[in-house]
Amino acid sequence: MKKILILFLLSSFTFYAQNKNPIPFYEADSLPYFINTKCNLKAEKNKLDSCIHSEIVQKIWKHLSKKKMPYSLNLKNGTYKNYARFTINENGNIENIVSVGDVKKISKEIEKAITKFPKMNPALKNGKPVAIRYDLPYTFTIGM
C-alpha cells in the first residue's frame, strides 16, 4: 500500500491586505479567523497565526479525505506540489479562489473545499476591516 504524506508548508503561507500596496499579515492588528474558531484569540500573534493556518489545513484535508484523495488517484510514487490562493475580504467572505499544481484533480478539490469555508471574522488594521490574501503552498509525497 502506498504511503502518503501531506505537508502543508507553515513557513510559506502569507496574508496580505488587499489594496494598491499589499500589507504583510504581521502589519494587521488582528488576523482573520473562523467565527467558531478553537484558537485562543488572545495568544501571541505567531501562535494565533499558526492555529488559524492549522484550522484552514484541517478543513481542506477533511474535504480531501471524504473524496479519498489522493489515495483514489493511483498516482506514481513521487512528490507533488500544489498552491492555493484566496482572499478573505473585509466582510469575512472567501473570494478569488485559485488552486494550481501538479495534480489538477486535487487542485479542483482544494478549490471546492475553500468554497465551503464558513464566513470568517475579517482582519483589522487601525480598527477597520481589511481584505487579506491567503497563500497556501502544499506538497504531498506518495510512496518513498
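Tutor: A disulfide here is a pair of cysteine sulfur atoms within 2.5 Å. Before using it, note that this is a predicted model, in which local features need pLDDT of at least 70 and side-chain atom pairs count only at pLDDT 80 or more, while totals for chains, interfaces and linings use all residues. Residues are numbered from 1 along each chain as its sequence is written, and side-chain values use heavy atoms, with hydrogens and water left out.

Student: OK. How many disulfides does the structure hold?

Tutor: One. C39 is joined to C51, with 2.0 Å from S to S. The angle about the S-S bond is -95°, and the link of C39 and C51 is left-handed.

Student: Which parts of the chain does the pair link?

Tutor: Distant ones, twelve residues apart: C39 sits in the loop between β3 (33-34) and α1 (45-66), and C51 is in helix α1. For those labels, helices (H or I, at least four residues) and strands (E, at least two) are DSSP runs, numbered from the N terminus.

Student: Is C39 buried or exposed? And how about C51?

Tutor: C39 is buried, at 7% relative accessible area. C51 comes out at 25%, which is partly exposed. The cut-offs are under 20% relative accessible area for buried, over 50% for exposed, and partly exposed in between, using a 1.4 Å probe and protein chains only.

Student: Zoom out. How many helices and strands are there in the protein chain?

Tutor: Two helices and nine strands. Along the sequence the pattern is β-β-β-α-β-β-α-β-β-β-β. The protein chain has 144 residues, and 43% of them are buried.

Student: Which residues touch the most other members of the largest nonpolar core?

Tutor: I56, I60, I106 and I110, out of 29 residues in that core. The elements giving two or more residues to this core are β3, α1, β4 (78-88), α2 (104-115) and β9 (132-142). α1 supplies the largest share, six residues. A nonpolar core means a set of buried Ala, Val, Leu, Ile, Met, Phe, Trp, Tyr and Cys residues joined through side-chain atoms within 4.5 Å.

Student: Take I110. What is it in contact with, leaving aside neighbours within four places in sequence?

Tutor: I110 is in contact with I60, L64, A84, S99 and Y138. Contact means heavy atoms within 4.5 Å.

Student: Where does S107 lie?

Tutor: In helix α2. S107 is buried, at 4% relative accessible area. Not counting residues up to four places away in sequence, S107 touches N82, S99, V100, G101 and Y138.

Student: What does the side chain of S107 reach?

Tutor: The backbone nitrogen of G101, at 3.5 Å. A polar contact is a pair of N or O atoms within 3.5 Å; within protein, one must be able to donate a hydrogen and the other to accept it, and residues adjacent in sequence count only if both atoms are side-chain atoms.

Student: And K105, buried or exposed?

Tutor: Exposed, with a relative accessible area of 55%. K105 also lies in helix α2. Beyond residues up to four places away in sequence, K105 touches M69 and L73. The C-alpha atoms of K105 and M69 are separated by 9.1 Å, and the two residues are 36 apart along the chain.

Student: What kind of peptide bond joins M69 and P70?

Tutor: A cis one, with omega about 0°. P70 is in the loop between α1 and β4.

Student: New topic. How much space lies in the largest pocket?

Tutor: About 360 Å³. Its lining has 14 residues, with E55, Q58, K59, K62 and P118 nearest its centre. α1 gives the most to that lining, six residues.

Student: What counts as a pocket?

Tutor: On a 1 Å grid over the protein atoms alone, a pocket is an open set of points where a 1.4 Å probe fits, with protein on both sides within 12 Å along at least five of seven lines; lining residues have an atom within 4 Å of a point. Grid points are joined across faces, edges and corners, and the volume is the space filled by probe spheres set on the points.

Student: Last one. What is the phi of N126?

Tutor: Positive, about 55°, although N126 is not a glycine. N126 is in the loop between β7 (123-125) and β8 (128-130), and is exposed at 63% relative accessible area.
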